[in-house]
Amino acid sequence: MFDFDMLGLAPALNDALQRIGFTEPTPIQNQAIPLAMQGHDILGLAQTGTGKTLAFGLPLIDQLLARPGKPAPKTAKVLILAPTRELTNQIADSLRALTGGTRIKVVTVVGGQSINRQITQLSQGTDILVATPGRLIDLMDRGAVDLGQVRHLVLDEADQMLDLGFIHALRRIAPRLGTPRQTMLFSATMPKQMEELSRAYLTDPRRVQVAPPGKAADKVTQSIIFMEKAEKPAGLRRILSRDPDALTLVFSRTKHGAEKLMKGLVADGFNAASIHGNKSQGQRDRAIKAFRDGSVKVLVATDVAARGIDIPGVAYVVNYDLPDVPDNYIHRIGRTARAGREGEAIAFCSAEEVDLLRQIEKLMKVDIPVAGGTRPAWQPAAKPGGKSGKPQQKRRTRGAQQRGPSASKPDAAAGRRRPRRRKSA
């Protein structure tokens with residue numbers, strides 16, 4: 001058995017860990033922290049909810065404590081990039097809990113909040129800057145931040161940054177960083193494009209992996225219920241009614257769907273709130289706070305929350321709609337069974353979603369247990385331009401001939417939505 005005292009962290013950090021109740025490192029922390037403290041670049045792969053934030057946060061703070069000195073105006077010593085506002089705020093809160101009582105300053109910049117206030121904060125300089133890529137570039141363009149003093153870069157949930165189209169932002173940010181520097185890249189999944197990203201930004205990295213990519217957290221009990229789309233509202237209400245005091249996170253595929261579902265639950269007497277991209281940052285923060293403290297029992301969300309909520313008390317995750325991207329299923333159900341607890345993940349699957357379920361189970365290399373309905377026989381995925389299971393004739397339509405060869409080629413990322421570039425998270 002290991003404890004944090006054996007990792008050689010600064011006494012102030014060990015005191016902070018004891019104060020907040022952490023005594024034993026998780027496997028990803030136990031493996032990554034010593035390597036990071038030695039200055040190695042890190043490629044960390046671990047299931048969501050296993051403590052990746054402390055795996056990079058503790059060695060960074062330890063190194064900052066060992067090198068005293070106030071940051072110059074508009075500069076930062078450490079840059080941590082995350083794909084969503086919620087995850088950015090979560091990381092910053094975790095780091096502030098460790099730096100309380102020290103001289104280390106943590107500043108957060110995300111979209112949806114006053115950029116003028118963020119400019120004022122950055123004008124004084126900071127030790128650790130936690131940011132979404134879009135808002136950081138806005139501040140760079142205004143001359144509000146100088147990244148030339150950054151000697152430590154962390155990319156958290158890097159695979160989602162790629163899915164959201166942030167690769168272009170990374171290419172703009174990276175050349176502005178100081179050198180030499182330490183880079184750490186953490187994620188729960190390892191798509192091929194992320195391997196290419198690691199080769200571009202990491203130097204001789206140490207790979208730390210505590211579970212195969214695509215594997216869900218061990219303490220999540222999963223089940224699938226097959227039903228018609230029209231039966232889903234009643235199915236959700238049955239699940240919520242069986243344990244009304246439990247915190248339940250419900251995932252919807254679309255913003256409109258999440259809002260409509262939440263309003264329907266409220267009308268039926270359930271204590272529910274919603275978060276999605278059409279909500280202001282203040283509305284999202286208030287909904288998460290109410291969910292965290294238990295004054296709201298049901299939180300309906302889109303994938304904006306698939307990696308941005310760290311609430312140990314979440315007992316159930318309900319996939320009301322299956323995600324279009326299989327990896328997102330793993331991140332969604334990782335919102336429960338956190339901090340060593342157990343949790344339950346229930347998914348609804350309509351006839352239109354059978355192929356999405358097939359992709360999820362293929363990624364995870366498991367058959368999710370059936371808790372209701374009948375598992376249909378798998379049908380071949382529909383080929384571009386034709387119906388499922390029917391051979392396609394190799395002939396080009398007149399329209400394809402007019403458009404040229406590229407018009408008839410399927411998207412290289414079949415089964416996934418083409419990522420759209422976001423200007424600001």
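**View 1. Surroundings of L136 and the nonpolar cores.** Leaving aside neighbours within four places in sequence, L136 is in contact (heavy atoms within 4.5 Å) with L79, L81, L129, A131, V145, L147 and I173. A second, separate core of 35 residues includes L7, V78, L98 and I104, whereas in the largest nonpolar core, which has 37 residues, L79, L81, L129, L136, L147 and L197 touch the most other members. A nonpolar core is a set of buried Ala, Val, Leu, Ile, Met, Phe, Trp, Tyr and Cys residues joined through side-chain atoms within 4.5 Å; buried means under 20% relative accessible area and exposed over 50%, with partly exposed in between (1.4 Å probe, protein chains only). This is a predicted model, in which local features need pLDDT of at least 70 and side-chain atom pairs count only at pLDDT 80 or more, while totals for chains, interfaces and linings use all residues. Residues are numbered from 1 along each chain as its sequence is written, and side-chain values use heavy atoms, with hydrogens and water left out.

**View 2. L155 in strand β5.** L155 lies within β5 (residues 152-156), strands being DSSP runs of E of at least two residues and helices runs of H or I of at least four, numbered from the N terminus. L155 is buried, at a relative accessible area of 2%, and its contacts beyond four places in sequence are L81, M161, L170, M184, L185, F186 and L197.

View 3. E157, in the loop between β5 and α7 (158-163), has a positive phi of about 50° although it is not a glycine, and is buried at 3% relative accessibility. D204 likewise has a positive phi, of about 45°, but is exposed at 56% relative accessibility.
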